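Colleague: I have just opened this model. Can you show me how to read its features?

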Amino acid sequence: MVRKLKRVRVDEGKNQVTVIFDTQFYRPESIRLSVEDFGNCCSARIRSRGDKILVTLSPKRNDIVINTLGYEFYNYVLGRMRSDGSRF
Amino acid sequence: MTKKSAKSPVDNTETDREGNYLIVSVNPKIYSLDIVYYAAYVLMDRAYITLGGDPGKEILVELRPQSNTDLETLGREFNNELLNYAVYMKQSAKNQRLREAILQRVLLTNLAPPEGKTDGSVNDTKGGTKTRGKKHGKKIKKGQGG
């Protein structure tokens, strides 16, 4: 069976997606700033659980695809980390 | 159990065609986390990338293509980018001393005094003074002052 990281959980009923970040790989400050950047299109809630940060995003517009929103956010955080010069 | 994946010919990847994603396993002793980040950044425009695993033992990179990219091709490209940046970083480390030496040389050269302002006169043991090199385009003979 193929492993799966299970980092993005979509709840279509509530129209929200929960994205889980491992702080061993993702910088908390970059996550926080990315949430701010997404403020125009999504409302967000951030929680931490041990070395994980959970971000729940709820789109504010109907044209946002909930199934890809979490992955788009993941890529955004990765790009943000690069531009912040935090790791690479 | 539904068979979702095929074992990829590339040994460090697992492909789930039904879920349309693949997992690349990276040994951090071979490719550091920085190299993984660089490789991920290159593919960001074509795939959704998620990092996980254990940075000390096994880094897992989940790749989900954004368009109709073949999963195996994506995995191979990611491996290529890992190698690409590993070589780049190794070369960069090798060249670092050379770069520093060149920079030092350049900076020291800039600090050298302008021409004509140094006094090149030396005392001649025979009594006269001798000026090194040419003065006003003429060679100075022994015994002539400068």
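This is a predicted model: local features need pLDDT of at least 70, side-chain atom pairs count only at pLDDT 80 or more; totals for chains, interfaces and linings use all residues.

Colleague: In which sense do β4(B) and β5(B) pair, and over how many bridges?

Modeller: They pair in the antiparallel sense, over eight bridges. β4(B) covers residues 47-54, and β5(B) covers residues 58-65. For one position, look at Thr50(B), which stands opposite Glu62(B).

Colleague: Which strand do five bridges join to β5(B)?

Modeller: That is β3(B), residues 21-26, and it runs antiparallel to β5(B). Here Leu22(B) has Leu63(B) as its bridge partner.

Colleague: Is β5(B) mostly covered or mostly open?

Modeller: Mostly covered: seven of its eight residues are buried.

Colleague: Now the interface. How is its size given?

Modeller: Often as the accessible area lost when the parts come together. Chain B and chain A bury about 2,600 Å² between them, 61% of it on carbon and sulfur atoms. In chain B, Tyr37(B), Tyr48(B) and Leu51(B) lose the most area to chain A, together 24% of what that side buries.

Colleague: How many residues are in contact?

Modeller: 30 of chain B, with 22 of chain A.

Colleague: Which elements of chain B each supply at least two residues to the side that touches chain A?

Modeller: β2, β3, α1, β4 and β5 of chain B. The largest share, eight residues, comes from β4(B). By class, that side has 16 nonpolar, seven polar and seven charged residues.

Notes: Residues are numbered from 1 along each chain as its sequence is written. Chains are lettered from A and ligands numbered from 1 in the order in which they are written. Side-chain values use heavy atoms; hydrogens and water are left out. Buried means under 20% relative accessible area, exposed over 50%, partly exposed in between (1.4 Å probe, protein chains only). Helices (H or I, at least four residues) and strands (E, at least two) are DSSP runs, numbered from the N terminus. Two strands pair if DSSP finds at least two bridges between them. Contact means heavy atoms within 4.5 Å. Buried area is the accessible area (1.4 Å probe) that two parts lose on being put together, summed over both. Ala, Val, Leu, Ile, Met, Phe, Trp, Tyr, Cys and Pro count as nonpolar, Asp, Glu, Lys and Arg as charged, and the others, Gly among them, as polar.
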